[in-house]
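Work through these exercises with the structure open beside you. Try each task before reading its solution.

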Amino acid sequence: MSVRRVIDLLRSGEPKQAATVKGWVRTKRELKDFAFLEINDGSSLQGLQVVLDHSLPDYANLLRGLTTGASVSIEGVLVASQGNKQRIELQAQTLEVWGQCDSETYPLQKKRHSFEFLRTMAHLRSRTNTLGSVFRVRNTCSQAIHQFFQERDFLWVHTPIITGSDCEGAGEQLAVTHFDPRKVPLTETGEIDYGQDFFGKPTYLTVSGQLEAEAMALAFSNVYTFGPTFRAENSNTSRHLAEFWMVEPEMAFCNLQGDMDLAEAFLKHIFKTVLEACPEDMAFFNLRIDKTVLETAEQIVTQEFERITYGDAIATLEKAKHPFEYPVEWGLDLQSEHERYLCEELFKKPVIVTDYPKEIKAFYMRLNDDGKTVAAMDVLVPKLGEIIGGAQREERLDILEQRILAQGLSLEDYWWYLDLRRYGTVPHAGFGLGFERLVQFITGMANIRDVIPFPRTPLNAEF
RNA sequence: UCCUCGGUAGCUCAGUGGUAGAGCGGUCGGCUGUUAACCGAUUGGUCGUAGGUUCGAAUCCUACCCGGGGAGCCA
């Protein structure tokens, strides 16, 4: 008798077939002479309905052990369901409880729980409908990302998680040390003597693999990273994590135009893949989480993104009859409210804003011919704001050196990054995508802590 | 980090100075193929923590802790 996943049985199981299913009890509905179980094994949102007849040996005792959350193995025969909520169901013949689940103390009820409550039990919450759907969609997103790049001959490169560079230009870093915090060695002048630490110098968790990805792109032409990233910012919002996953493609012989084209094709591919692979989960999000996710996904796949320069965006915002809390003025960064106005009210779709003033962007972004702006691009989406940030990189050694110095940074810290411009430099471009923000955007989940299994945020590393 | 709202039963919440409540869940019983099952009964509390005011505090005051939403920073 073959063991089959629930999704397989729901899709292709036929009456009279023998089948064994293994999973966890979601609900039990008892009637006088028989009972229904719903078994879920994580393979799909819908569970398999199992019918237990009172003629089963030791029926009364059996039912007592079949509580919500218990793990079971059930052998039986598939039959056409008399109910209208499922095509097929399993008539149980033998049943084994692997692990009991005390219903007095098991925290997950059959009814809906708040996401705040579920966050206090990250080890159990994946057994709920919503988190189950989230993590299946998250998996499909991962797969779609690799597929997109691999089909285009991009090399997946593994950039370091521990970095010796404390100046990657993207926020506070978490220190990595092997020192005993009670006995940190000091130099004669009273400074911390990092020469005695594990790596012989200060080290940190990476905030971006971009600089290393650029090095790899200058050998392999097209590469991408997909890995964890860390930020020690004390950000307490529904869109920030201290540990998150980032996707960073980097392309040699590419300009800003090519960068934007790639970003748009990339998002379209992921949405298309999720719509095809996870229709049940997406329908669930549309019904229970956010009634616009399907419409939004269809728009992403079919519509061209709006493209607008920062200068035009500022001019548009200045003319808008919309009250803004923060000032709109050339040279100031766009605030959340401005970004939301552009993509939620004005264009009603994703917007790519390009060519920002050089003062508000990173040193490595390529200086435009006007000398005032850089070849940067941000992809803004409704509700979330910035989901992708990218740029054509500055490939000219002299200008890059000026930009590093102008931002108060030191050339020595970037010696190897500058070498890339000394030896065979080429125009190149890339972008970074916050993976959890992508999953948030696709699923409509309001809080980023609910789209990663074990979220890391300030004061939260329990699991 | 700032602003703001909140913390009362396992969960979601009501109670705003005078005996601690409801719905759901759990348990027990009933029931015609149920599917957020249904019907009946029942169980369940250091009111976030520590001080203070008061004859009396879940309720008023102070501090702290934790959570939600918004902002900044960003992805």
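**Exercise 1.** Is Arg5 buried, partly exposed or exposed?

Solution. Start with the cut-offs: buried means under 20% relative accessible area, exposed over 50%, partly exposed in between (1.4 Å probe, protein chains only). Arg5 has a relative accessible area of 45%, so Arg5 is partly exposed.

Before going on, note the ground rules. This is a predicted model, in which local features need pLDDT of at least 70, side-chain atom pairs count only at pLDDT 80 or more, and totals for chains, interfaces and linings use all residues. Residues are numbered from 1 along each chain as its sequence is written, chains are lettered from A and ligands numbered from 1 in the order in which they are written, and side-chain values use heavy atoms, with hydrogens and water left out.

**Exercise 2.** Find the salt-bridge partner of Arg5 and say where both residues sit.

Solution. Recall the term: a salt bridge is a side-chain nitrogen of Lys or Arg within 4 Å of a carboxyl oxygen of Asp or Glu. The partner of Arg5 is Asp41, at 3.1 Å from N to O. Arg5 is in the segment before α1 (6-12), and Asp41 is in the loop between β2 (34-40) and β3 (48-53), 36 residues apart. Helices (H or I, at least four residues) and strands (E, at least two) are DSSP runs, numbered from the N terminus. Finally, check Asp41: at 10% relative accessible area, Asp41 is buried.

**Exercise 3.** Which parts of the chain does the salt bridge of Arg119 and Asp450 tie together?

Solution. First, the distance: the side chains of Arg119 and Asp450 meet at 2.7 Å, N to O. Arg119 lies in helix α3 (residues 115-119) and Asp450 in the segment after α13 (435-443), so the pair joins parts 331 residues apart in sequence. Arg119 is partly exposed at 21%. Asp450 is buried at 1%.

**Exercise 4.** How many salt bridges does the structure hold?

Solution. The count is 24. Some link up: Glu214, Glu250, Arg393 and Arg421 form a network of salt bridges.

**Exercise 5.** Describe the protein residues around RNA strand B.

Solution. Count a residue as near if one of its heavy atoms lies within 4 Å of the strand. There are 48 such residues, and Gln109, Thr237, His240, Gln335 and Arg437 come nearest. Then look at single contacts. A polar side-chain atom of Gln82 lies 2.9 Å from a base oxygen. For Ser114, a polar side-chain atom lies 2.8 Å from a phosphate oxygen.

Definitions and conventions. A polar contact is a pair of N or O atoms within 3.5 Å; within protein, one must be able to donate a hydrogen and the other to accept it, and residues adjacent in sequence count only if both atoms are side-chain atoms.
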